[in-house]
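Reader: Please take a close look at the aromatic rings of this structure, and at what surrounds them. One connected account will do.

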Amino acid sequence: MSTEKLAQAQSAPDFSASRGGLSRIVRNLLDTSGLIAVFILLFIGLSIMVPDFLTGRNIVGLLLSVTLIGTIATTMMMVLALGEVDLSVASIVAFTGVVAAVMTSTSGSVFIGVMSGVAAGAAVGAFNGFVVAQFGVNSLIATLAAMEFVRGLAYITSGGDAVMITVPSFFDLGSASFLGLTVPVWTMIFCFIIFGVLLNMTAFGRNVLATGGNAEAANLAGVNVRRLKITVFALQGVVAGVAGVLLTSRMGLGDPNTSIGLELAVISACVLGGVSLSGGVASITGVLVGVLIMGSVQNAMGLLNVPTFYQYLVRGAILLLAVLFDRWKQTRRSRV
Amino acid sequence: MSTEKLAQAQSAPDFSASRGGLSRIVRNLLDTSGLIAVFILLFIGLSIMVPDFLTGRNIVGLLLSVTLIGTIATTMMMVLALGEVDLSVASIVAFTGVVAAVMTSTSGSVFIGVMSGVAAGAAVGAFNGFVVAQFGVNSLIATLAAMEFVRGLAYITSGGDAVMITVPSFFDLGSASFLGLTVPVWTMIFCFIIFGVLLNMTAFGRNVLATGGNAEAANLAGVNVRRLKITVFALQGVVAGVAGVLLTSRMGLGDPNTSIGLELAVISACVLGGVSLSGGVASITGVLVGVLIMGSVQNAMGLLNVPTFYQYLVRGAILLLAVLFDRWKQTRRSRV
Amino acid sequence: MSDPYLRFDDISVEFPGVRALDHVSFGANAGEVHALMGENGAGKSTLLKVLSGVNRVTSGALWIDGERHVFANEREALDQGIAIIYQELTLSPNLSVAENLLLGQLPVRKGFVDRRALRETALGVLRDLGEEGIDPATRVRDLSIGQQQMIEIGRALLRNARIIAFDEPTSSLSVQEIRNLKRIVKRLRDEGKVVLYVTHRMDEVFEMCDAITVFRDGQHISTHPTLEHIDHDVLVSEMVGREIEDVYGYRERQHGPVQLEVKGLKGPGIAEPASFDVRQGEVFGLFGLVGAGRSELLRLVCGAEKAEAGSVRFKGRDGLFTSPREAIQSGIAMCPEDRKTQGIFAIASVGDNINISCRRFFSRWKLFRNTARETRNARDYIRRLRIKTPGPETRIGTLSGGNQQKTILARWLAEDIDVFVMDEPTRGIDVGARRDIYSLLYDLAEQGKSVVVISSDLAEVSSICDRIGVMRDGRVIDVVHRDQATPERLLGLALPA
Amino acid sequence: AKEDITLGFIVKKPEQAWFINEQRAATELGKKDGFEVVKLSGVDGQEVLSAIDNLHSQGAQGFVICPPDVRLGPVIKRRADQYDMKVVTVDDRFVNSDGDPMKGVPHLGMSGYKIGQQVGNTIAEQIKARGWDMDDVAALRISNYELPTAKERTDGATDALVKAGFNKDNIFDAPQQNTDTSSAFAAASPVFSKQSKFKHWVIYALNEESVLGGVRASEQYGLTADDVIGVGINGSGAAFAEFSREKPTGFYGTIAVSSTMHGRQSALNLYNWVTEGEKPPADTQTTGKLMTRDNWQQVRDELGL
Ligand SMILES: Nc1ncnc2c1ncn2[C@@H]1O[C@H](COP(=O)(O)OP(=O)(O)OP(=O)(O)O)[C@@H](O)[C@H]1O
Ligand SMILES: Nc1ncnc2c1ncn2[C@@H]1O[C@H](COP(=O)(O)OP(=O)(O)OP(=O)(O)O)[C@@H](O)[C@H]1O
Ligand SMILES: O[C@@H]1[C@@H](O)[C@@H](O)CO[C@H]1O
Ligand SMILES: [Mg+2]
Ligand SMILES: [Mg+2]
């Protein structure tokens with residue numbers, strides 16, 4: 001029994017006192033499916049109270065606005081499940097975007113451009129994984145170093161300025177659409193499916209969770225911990241690379257300054273979705289919901305014209321409430 | 001034996017191979033006092049190779065440039081020793097600075113202004129500690145939320161614009177000097193002494209390390225873990241508040257936009273100084289050296305006119321090399 | 001008879017889906033060593049955690065010296081003079097031995113830690129523990145598990161408690177350390193303390209304890225104020241609710257050709273190149289005192305540690321395994337000795353803990369898990385090993401120590417491979433379950449598999465193994481056949497010459 | 001006085017193309033005229049002061065600065081005086097504690113407000129040229145009120161538009177969290193989904209990247225190049241990238257300012273001041289030049305970008 005649990009057990013009375021007001025149905029819903037219920041309530045609330053929230057075009061816009069965070073969150077979930085963290089994703093997005101823009105323009109081939117972008121992402125990811133797995137360096141620091149380094153590479157590659165793309169078909173990547181949704185949205189959906197399946201239905205995914213729970217035990221149980229870590233970080237790099245290339249195509253330029261602070265938003269979404277920062281716990285639906293909650297709140301604030309300064313407060317408060325809620329749920333569960 | 005250690009053990013040969021070139025003396029020095037030796041070598045190297053580096057005025061400037069990071073690193077060390085982390089320090093610096101500026105200007109009293117700034121810092125810190133200790137919320141997320149929230153407060157308090165100070169004596173705080181060093185530098189020195197003593201020579205400090213090493217054990221042994229955590233976070237808030245007020249006084253204005261990214265620099269300095277992110281390990285001389293290494297490198301890059309983009313590469317590389325070096329040292333020790 | 005000094009009055013504790021203690025009432029006197037016994041998951045540790053303020057009760061209270069108490073946290077219990085040595089270690093690895101001994105009550109002078117007093121006090125208690133060899137400035141992480149356990153005991157002694165409780169303290173102690181522990185327990189009794197003592201070892205009960213209370217399924221079964229008329233069989237049947245004649249139940253069988261041959265293996269902790277072999281259908285024991293190097297040797301065999309020299313011959317190949325993964329894939333699996341750090345995935349379910357490795361046999365197209373098969377497999381072993389859990393979805397971390405151990409064993413028993421290496425497999429496991437486990441080991445042997453068992457339990461190795469290798473100071477001293485393996489002979493070989 | 005001259009060039013955002021250009025132009029001038037330029041970054045007050053200390057260690061005689069906050073003026077000036085260094089500002093002008101420009105420090109730059117007005121006027125002219133009815137047009141104002149310069153610029157544009165007869169109620173705010181394309185995109189989306197009744201849109205922001213984010217969002221909502229007038233500020237790679245696309249987009253043009261000229265001229269002013277003692281003019285105002293798809297290469301050459 002850990003102190004965390006101790007703390008929960010001791011804090012439970014405070015919570016239950018404040019619970020009196022909630023109706024029984026809501027309480028049950030919260031109990032059973034937790035965050036999903038919160039999201040549904042939130043969504044219904046926003047649909048009713050925020051004009052124009054529940055319109056086709058707004059939902060499409062909402063989806064599009066979360067593609068970057070959502071896509072990268074799927075692999076960040078794997079990294080966190082492993083008990084590690086990757087702070088370099090935003091830099092990877094910028095770097096791979098710039099690389100794709102430069103390579104597309106110099107080679108004239110979209111294929112080469114895209115491939116170089118994704119390969120650059122994979123290389124950075126694999127390097128991160130290598131440093132973490134081979135030398136046992138704390139991933140927070142290893143990827144913090146990578147975050148600086150790779151951002152530097154993005155600036156150097158681009159000369160500091162946005163890179164223009166001379167091959168028009170490159171833009172199709174970001175804007176081609178199918179069934180009303182564009183490629184970036186489909187990519188996000190695809191990533192959710194792939195990594196959901198990977199996490200839950202394959203030995204690989206279970207090994208990731210096991211390693212996050214107890215790396216030594218996993219090693220003794222025949223998991224190749226080192227290869228696993230390198231693979232997961234490399235996947236993170238690939239996905240961040242894909243996201244970076246799509247962003248570049250969507251925005252029409254390779255911008256080395258883009259997405260600063262993205263890593264924290266992605267990690268927040270994962271944690272909101274119930275992924276534990278100490279490893280071993282992850283759920284793809286949780287992450288999906290986490291991403292959607294963040295996206296909906298941000299979108300609603302836009303629709304409601306909330307002043308920026310207050311947006312900071314709202315984001316901070318939402319994050320805090322979400323984790324408090326999560327703790328409360330766990331406390332209840334362990335006390336029933 | 002943990003997988004980390006496994007990884008080290010297996011990777012050790014690579015290291016030892018590359019070690020052949022180093023002279024025996026350097027090797028011994030590195031072995032015994034580790035980072036301090038690295039710093040001394042670095043300092044000598046910089047003094048010889050970088051013109052103007054070893055001049056009185058540059059050293060004073062160097063010291064001044066690290067006051068913010070250095071001061072806050074002393075309490076961040078305590079937070080990390082506890083196995084927690086505080087991402088909200090930069091926002092606290094901005095917020096307390098703005099509060100001090102507003103209060104000084106409205107009340108006309110420097111004392112009231114300073115006290116309100118420090119009190120605001122203490123309040124945020126204590127709140128962080130409360131959330132972490134009482135509800136067992138992961139501190140990375142709790143303080144990430146606080147980081148957003150408090151930055152929002154800083155914008156709201158200041159109306160988004162820097163707040164000018166109308167009471168001239170407020171500036172003396174930041175510029176009064178004694179023995180050639182200004183108040184901010186003395187404050188930093190003072191913090192290093194206070195928290196060095198606190199960590200090593202008091203029951204409080206030892207309990208912090210014990211809790212970071214094994215919170216459950218500390219709790220079972222009768223350490224009031226909850227109060228301890230709240231106290232440490234509150235101290236962090238106070239010190240960040242003091243740093244924020246001094247910064248404001250030095251700059252002559254309370255800027256809600258200041259110090260973005262400071263938290264990562266502070267954490268890097270601590271980790272460079274050998275503080276473990278998993279808690280239970282900390283050393284005040286290590287942190288001092290970490291801060292000085294970072295400051296010297298940054299200072300030298302300025303003197304050498306290193307282009308900004310390459311500064312990113314250098315910072316990233318230094319950080320990575322420092323942690324790799326640290327791992328290597330531990331590997332050697334555990335293999336002797 | 002006067003009121004007992006410590007009385008548990010109608011204590012109940014509930015966890016999700018589990019009633020860990022069900023209206024338990026009994027008393028323990030000052031000046032007696034009171035044994036608490038019962039199957040795994042009976043509620044012994046839970047009871048001690050009620051005493052120490054960790055677990056909250058749903059009914060009942062404690063009476064100490066005529067006063068009623070319901071503790072809300074650990075500190076309240078400490079203030080009442082209660083000290084507990086828990087089943088799992090609770091030390092802070094990077095602090096010194098001295099600081100760990102005095103954790104929570106560091107000596108302070110003028111606001112600063114009094115280093116001299118700290119060292120003196122630590123030296124005193126280390127002497128008391130018979131661990132004069134340990135420097136108080138050593139970091140705890142550099143001690144052996146047994147030594148760490150002794151530090152835990154020392155910390156409890158320094159509390160000057162009126163009530164001291166031990167939760168399976170001997171399961172990781174060396175012979176010498178056990179001797180010291182027994183001396184300390186006797187002294188505590190003579191000083192008039194209440195000593196509660198949880199153990200699964202019958203011999204300890206009869207040697208050290210004055211009274212005994214037996215639990216089953218969270219219920220109080222009996223309290224015997226004296227052991228005079230109680231015998232082994234009575235206790236066992238009270239504990240497990242059925243008769244067990246011979247725990248070991250050895251079964252004779254034929255052995256095949258050599259399956260695994262270890263030749264001249266050298267590595268850290270192994271003083272002399274070690275060699276031995278194991279036949280098909282054989283249960284091979286490895287006996288020695290704690291720290292003799294048995295775990296090290298088998299870690300080298302299974303690729304968990306890098307060997308400096310030697311080779312392992314298995315299935316026609318001759319070489320070394322470079323990782324546990326490689327060993328498992330070739331057909332050798334090792335169940336590690338320290339379940340907390342090497343075995344369990346605390347936050348994962350019982351099912352996942354069982355299936356982590358063996359699921360490769362059930363996978364579809366070598367890629368997708370077969371969850372139905374996994375659940376069936378988990379349920380199968382929960383039944384066969386009588387793992388006390390609400391179901392395969394339960395988090396393993398909430399299980400009792402012994403049931404966690406059974407789950408880890410199930411992980412390896414479920415492997416379809418040729419050589420099973422088990423490091424202290426029955427540590428912390430109750431009598432009834434041990435019988436089931438031995439029987440499963442014989443089953444494996446009868447199918448032509450080989451089993452290697454490391455054990456510090458003399459009776460166990462000499463009763464269940466066909467041959468026994470004895471190690472001392474990092475050397476394989478001798479390999480003894482079952483017929484010659486008297487406890488005296490084995491101990492004689494294992495003890496320092 | 002032809003001894004070694006070292007001058008500093010401190011900028012608030014050293015990663016931004018604008019400032020890279022400025023520093024590069026100053027350095028090139030230094031190479032030609034035989035003085036050294038030390039390029040430094042000053043993203044906040046703390047860093048600026050360190051940078052000045054650093055310059056002092058290198059024996060610099062003065063520096064050009066674009067301050068991270070104009071109100072840092074007094075402190076920066078004091079530090080410079082302490083070291084006996086000369087200061088000129090570029091782009092952003094120091095203000096004193098009353099909020100008035102510090103006249104004693106020579107300045108060269110464009111007024112954020114005025115350049116904003118230029119944006120507003122350009123948009124108004126285009127609206128007329130396209131024959132839209134002012135009342136049917138909505139404006140997307142991508143704002144960043146955390147950045148004072150950004151506010152000045154968007155305020156300038158807003159005022160100019162309103163003055164030209166634009167309906168105030170049709171101006172919608174999209175607050176962005178960063179100054180890059182994707183944050184502007186995210187901020188703009190909800191505005192478009194909410195204001196579906198408008199067919200014609202104008203977009204402005206503090207820089208080109210942000211306007212581009214707005215344009216990309218408008219495309220997402222089915223608005224075409226004919227329906228949208230986006231006008232940026234700066235004249236950087238982002239604009240060039242957009243102009244060199246195959247087909248015209250809603251990004252109509254940008255007010256390009258010569259960062260190169262700013263860098264070169266401010267450095268030259270300082271150099272002359274240091275060497276010949278002639279104090280530069282108190283305030284040199286530059287203006288921007290409208291750059292569109294049709295003339296961008298020409299304007300680019302003209303401004304030396
Ligand atoms: N924190 C918890 N959450 C849920 N169930 C728990 C928890 N702690 C104990 N239990 C349950 O309570 C029951 C009693 O456990 P306890 O640890 O007291 O057994 P024990 O008698 O000490 O067994 P062992 O001999 O195996 O150590 C078990 O069924 C266990 O699963
Ligand atoms: N944590 C430790 N720190 C230092 N030395 C250790 C540690 N653990 C084991 N050793 C040493 O390594 C050698 C082999 O230990 P090993 O654990 O293999 O012995 P063992 O016979 O398996 O006993 P155990 O029952 O403790 O597992 C011994 O010399 C022992 O003292
Ligand atoms: O920040 C802006 C920069 O983008 C450039 O436009 C010049 O002026 C500065 O104020
Ligand atoms: Mg137990
Ligand atoms: Mg062992």
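**A tyrosine pair and its surroundings**

Author: Tyr248(C) is buried, and Tyr438(C) is buried too; buried means under 20% relative accessible area, exposed over 50%, and partly exposed in between (1.4 Å probe, protein chains only). The model is predicted, so local features need pLDDT of at least 70 and side-chain atom pairs count only at pLDDT 80 or more, while totals for chains, interfaces and linings use all residues. Residues are numbered from 1 along each chain as its sequence is written, chains are lettered from A and ligands numbered from 1 in the order in which they are written, and side-chain values use heavy atoms, with hydrogens and water left out.

Over all chains, a search of the whole structure finds 28 aromatic pairs. Rings of Phe, Tyr and Trp (its six-membered ring) pair if their centres lie within 6.5 Å; planes under 30 degrees apart count as stacked, over 60 as edge-to-face and the rest as tilted. Phe130(A) and Phe135(A) make an edge-to-face pair, 5.7 Å centre to centre with 85° between the planes. Phe130(A) is partly exposed, at a relative accessible area of 35%, whereas Phe135(A) is buried, at 14%.

The pair of Tyr248(C) and Tyr438(C) is tilted, with 5.6 Å centre to centre and 35° between the planes. Tyr248(C) lies in the loop between α8 (232-240) and β13 (258-266) of chain C and Tyr438(C) in helix α15 (residues 431-446) of chain C, so this pair ties together parts 190 residues apart in sequence. Helices (H or I, at least four residues) and strands (E, at least two) are DSSP runs, numbered from the N terminus.

In chain D, one aromatic cluster is formed by Phe172(D), Phe192(D), Phe198(D), Trp201(D) and Tyr221(D).

The charged end of Arg245(D) is over the ring of Phe171(A), 3.5 Å from its centre. In chain B, Arg315(B) lies over the face of Tyr312(B), 5.0 Å from the ring centre.

Technical notes:
Lys NZ or Arg CZ within 6 Å of the ring centre and 35° of its normal.
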